[in-house]
Amino acid sequence: MAVSSAFAGAKLETLFLSNATATPASSPPTSHYQIGVSCKSRRTLIQRGIVRCESHSTASSDVVVENSSGNASSISALEQLKTSAADRYTKEKSSIIVIGLSIHTCPVEMREKLAIPEAEWPRAIKELCALNHIEEAAVLSTCNRMEIYVVALSQHRGVKEVTEWMSKTGGIPVSEISDHRFLLYNSDATRHIFQVSAGLESLVLGEGQILAQVKQVAKVSQGVAGFGRNISGLFKHAIMVGKRVRTETKIAEGAVSVSSAAVELALMKLPNSAHSIARVLLIGAGKMGKLVIKHLMSKGCTKIVVVNRSVERVDLLRDEFKDIEIVYKPLDEMMSSAAEADVIFTSTASETPLFLKEHVIDLPPVSESVGGNRLFIDISVPRNVGSCVKDLEGTKAYNVDDLKEVVAANREDRLRKAREAEMIIDEELKLFEAWRDSLETVPTIRKLRAYAEQIRTSDLEKCLEKMGDNVNNNTRKAVEVLSRGIVNKLLHGPLQHLRYDGSDDRTLDETLENMHALNRMFNLETEMSVLEEKIRAKVEKQKGPGLRIHCVVYGRRLQ
């Protein structure tokens with residue numbers, strides 16, 4: 001967990017001083033407050049705009065609050081922590097939240113404004129993690145969904161900050177986003193990304209394209225500050241769930257992707273007799289365009305005209321699909337090519353429509369032998385075909401939201417497989433939750449090992465000094481190996497009781513109870529150290545003018 005810079009600065013000052021008798025309003029502008037927290041020899045100095053932890057020798061166990069007038073009050077350190085926001089942020093586990101807009105909840109007009117291109121995902125993650133209550137983030141933006149996954153210090157404030165960020169980046173009022181968004185927390189959010197990866201939330205159950213998109217999120221986000229341990233682990237587990245569901249249930253067999261559904265829709269709208277004679281135009285030779293050609297070929301199409309910016313991609317398609325004639329046309333011949341086509345598929349990354357009413361109204365009518373209507377099948381987000389086009393006589397325009405018609409049939413078998421997939425997801429959800437719960441004990445495990453290693457090395461050094469300089473290297477190594485073996489055997493039992501993965505009868509509560517017991521017995525002070533690390537991590541992300549942090553813990557500078 002991290003703590004926001006606002007929390008580390010003015011908010012941290014406020015929460016530490018909330019129970020003090022000092023009154024800052026009456027102090028001179030140059031006044032400062034000094035707070036000594038005696039955990040071993042640690043003293044924290046807080047000034048306006050400055051947070052500094054320094055080492056001092058004091059035996060006090062209280063918190064002393066002083067102002068420039070010399071007034072002081074003594075407050076129990078334990079009571080101070082129990083009532084402070086710092087203690088709340090330290091003790092409570094952060095929430096995994098998904099703020100989403102999908103084809104099931106939101107119209108395409110809004111989704112296309114909020115869509116984030118793949119190249120912008122790292123920037124979006126950094127901006128999201130710069131928000132006060134957001135620790136980690138990931139963006140899943142496809143033609144059918146726009147979902148933001150975050151780890152948040154506060155559910156309510158985290159959702160509020162992310163929604164406001166979406167409103168700012170997409171130019172859509174917060175109230176309008178709130179009307180169409182869905183919110184899921186913790187296990188529900190985890191279940192959702194597992195269902196998405198398995199294809200259970202797709203327009204076509206079990207389609208394989210979404211799994212590739214989830215993989216791409218993990219690939220592009222890897223190494224980005226903010227794609228942290230929790231979110232990274234969540235997406236990696238989701239990928240594994242998607243693979244397992246498809247392997248064990250065969251849900252992908254017979255299922256179609258968006259591009260396949262687009263081809264199916266075109267065939268549904270054409271007369272059966274026109275399937276072999278309809279003239280087909282594809283605009284865009286990217287991944288989706290490639291899939292359109294693949295599915296057209298599987299349906300018996302023998303020729304297709306492709307409009308693209310460059311011929312190189314079209315040449316690659318020709319090399320891959322040798323059983324279909326692919327004719328290349330440059331982008332400046334798009335309208336003339338559209339005039340000669342009966343069915344037009346659009347799949348480009350253009351942020352503005354390629355076809356509007358004024359572009360299409362003068363196109364020549366199509367033959368009655370192919371139904372008398374020119375078909376525009378737009379599978380792009382943002383849309384390549386304006387909604388005004390469908391109002392023209394002799395023209396039919398469809399976008400990704402219209403593909404629902406294609407998947408109405410043959411759904412029962414996929415629903416049965418989906419039920420099987422849900423059972424797998426239930427199993428994997430328990431495993432992921434156990435893994436995430438186990439992270440609670442990681443700081444204690446590290447500190448216990450460090451504590452034991454400190455004792456081992458100190459006593460080993462004393463032992464070797466007593467043995468004198470006549471001891472050969474083999475003996476020294478043997479003594480060191482012996483000391484390590486003793487420590488490892490002594491730690492084995494306690495560490496086993498700190499590890500929780502759901503594979504045995506021990507509950508999470510028992511594991512956490514063991515953690516707190518070890519903290520008390522060995523005075524590990526995990527929570528205070530974690531708090532300092534969280535403050536430092538968040539402040540380093542958002543260092544700004546007037547805010548500095550210097551920490552020295554047990555003689556070690558943390559800056």
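Start by selecting helix α11 (residues 258-269) together with helix α12 (residues 287-298): their axes come within 8 Å and cross at roughly 50°. The axes are lines fitted to C-alpha atoms over the stretch in contact, with angles running from 0 to 180 degrees between N-to-C directions. Now show the side chains of V258, S259, S260 and V263 on α11, and of M288, L291, V292, H295 and L296 on α12, which make the contact (heavy atoms within 4.5 Å).

A word on what you are viewing: this is a predicted model, in which local features need pLDDT of at least 70, side-chain atom pairs count only at pLDDT 80 or more, and totals for chains, interfaces and linings use all residues. Residues are numbered from 1 along each chain as its sequence is written, and side-chain values use heavy atoms, leaving out hydrogens and water. Helices (H or I, at least four residues) and strands (E, at least two) are DSSP runs, numbered from the N terminus.

Next, select helix α6, residues 155-170. What should its 16 residues span at 1.5 Å a residue? The expected span, 1.5 Å times one less than the number of residues, is 22 Å, and the end C-alpha atoms are 22 Å apart, so the two agree. Zoom in on the start of α6, where a side-chain oxygen of S154 comes to within 3.3 Å of the backbone nitrogen of R157. Then colour the buried residues of α6: G158, V159, E161, V162, T163, W165, M166, S167 and G170. Buried means under 20% relative accessible area, exposed over 50%, and partly exposed in between (1.4 Å probe, protein chains only).

Select N186, in the loop between β9 (182-185) and α8 (187-198); N186 is not a glycine, yet its phi is about 50°. At 25% relative accessibility, N186 counts as partly exposed. Then move to K250, in the loop between α10 (229-249) and α11. K250 is not a glycine either, and has a positive phi of about 60°; at 40% relative accessibility, K250 counts as partly exposed.

Finish at P382, in the loop between β14 (374-378) and β15 (395-398). Show the backbone from V381 to P382: that peptide bond is cis, with omega near 0°.

Notes. A polar contact is a pair of N or O atoms within 3.5 Å; within protein, one must be able to donate a hydrogen and the other to accept it, and residues adjacent in sequence count only if both atoms are side-chain atoms.
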